[in-house]
Amino acid sequence: MVWIASLLRRWKEAALLIQPETLLRWHHDLFKRFWSAQSQQPRGKPLLEGGVVALIQQMAHENPVWGAERIRGELLKLGLRVSKQTIQKYLPKDRTPQPSQTWGAFLRNHAESIWACDFI
């Protein structure tokens with residue numbers, strides 16, 4: 001509208017060239033094309049390959065007490081740079097860590113060693 005007005009001598013002539021419905025349609029079409037183009041452009045880092053996702057899920061399944069940060073460290077050792085948030089996105093939602101050993105079980109397992117240390 002401004003461009004058209006700059007071509008004419010008086011602003012009233014520019015206002016008479018188009019109807020309000022035409023201006024609204026142009027605005028709607030421009031808005032639609034803009035957001036359509038925005039949604040087509042790739043953003044951020046590329047998606048992970050299926051093998052890396054499978055590896056993250058395998059590590060999480062085989063090591064239930066490992067969190068995202070530990071899995072990230074292990075992936076870095078393999079030369080794979082993956083953010084903690086990305087790993088959390090691919091972890092199973094129902095992960096519950098295995099309960100650690102109770103004090104009673106620890107004492108039963110190590111009673112002989114503890115007795116020997118206390119005795120010496």
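These legends walk through several close-up views of a predicted model.

In this predicted model, local features need pLDDT of at least 70 and side-chain atom pairs count only at pLDDT 80 or more, while totals for chains, interfaces and linings use all residues. Residues are numbered from 1 along each chain as its sequence is written, and side-chain values use heavy atoms, with hydrogens and water left out.

**View 1**
Let's start with the overall picture: the protein chain has seven helices and zero strands, so that the order from the N terminus reads α-α-α-α-α-α-α. Helices here are DSSP runs of H or I with at least four residues, strands are runs of E with at least two, and both are numbered from the N terminus. Of the 120 residues in the protein chain, 15% count as buried. Buried stands for under 20% relative accessible area, exposed for over 50%, and partly exposed for what lies in between (1.4 Å probe, protein chains only). The accessible surface of the chain comes to about 10800 Å², and carbon and sulfur atoms hold 60% of that. These areas come from the Shrake-Rupley method with a 1.4 Å probe; for residues, only the protein chains shown count as cover. If you take the contacts between residues at least 6 apart in sequence, 38% join residues at least 24 apart. A contact is a pair with heavy atoms within 4.5 Å.

Helix α4 covers residues 50-62, which makes 13 residues. From its first C-alpha to its last, α4 reaches 18 Å, close to the 18 Å expected at 1.5 Å a residue; the expected span is 1.5 Å times one less than the number of residues. Look for Val52, Val53, Ile56, Met59 and Ala60, the buried residues of α4. Seen down the helix axis, they fall within an arc of 125°, so they line one face of α4. The arc is that of the directions from the helix axis to the C-beta atoms. Turn to the other side of α4 and you will find Gly50, Gly51, His61 and Glu62 exposed. The cover over the buried residues of α4 includes α5 (68-77) and α6 (84-90).

After α5 comes Gly79, with a positive phi near 85°.

**View 1. Arg70, Glu74 and Lys77 form a network of salt bridges.**
Side chains of opposite charge can pair when their charged atoms come close. A salt bridge is counted when a side-chain nitrogen of Lys or Arg is within 4 Å of a carboxyl oxygen of Asp or Glu. Glu74 bridges to Arg70 with the closest N and O atoms 3.2 Å apart, and the two sit four residues apart in helix α5, about one turn. Lys77 also meets Glu74 in a salt bridge, at 3.3 Å from N to O; here the two residues are three apart in α5, again about one turn of the helix. Glu74 is buried at 17% relative accessibility, whereas Arg70 is partly exposed at 42% and Lys77 is exposed at 65%. Leaving aside neighbours within four places in sequence, Glu74 is in contact with Met59 and Trp66.

**View 2. Glu69 and Arg72 pair in helix α5.**
The structure holds three salt bridges, and one of them joins the side chains of Glu69 and Arg72 at 3.6 Å, N to O. Glu69 and Arg72 are three residues apart in α5, separated by about one helical turn. Both residues are partly exposed: Glu69 has a relative accessible area of 43%, and Arg72 has 27%.

Phe106 lies in helix α7, which covers residues 103-119. With 30% relative accessibility, Phe106 counts as partly exposed.
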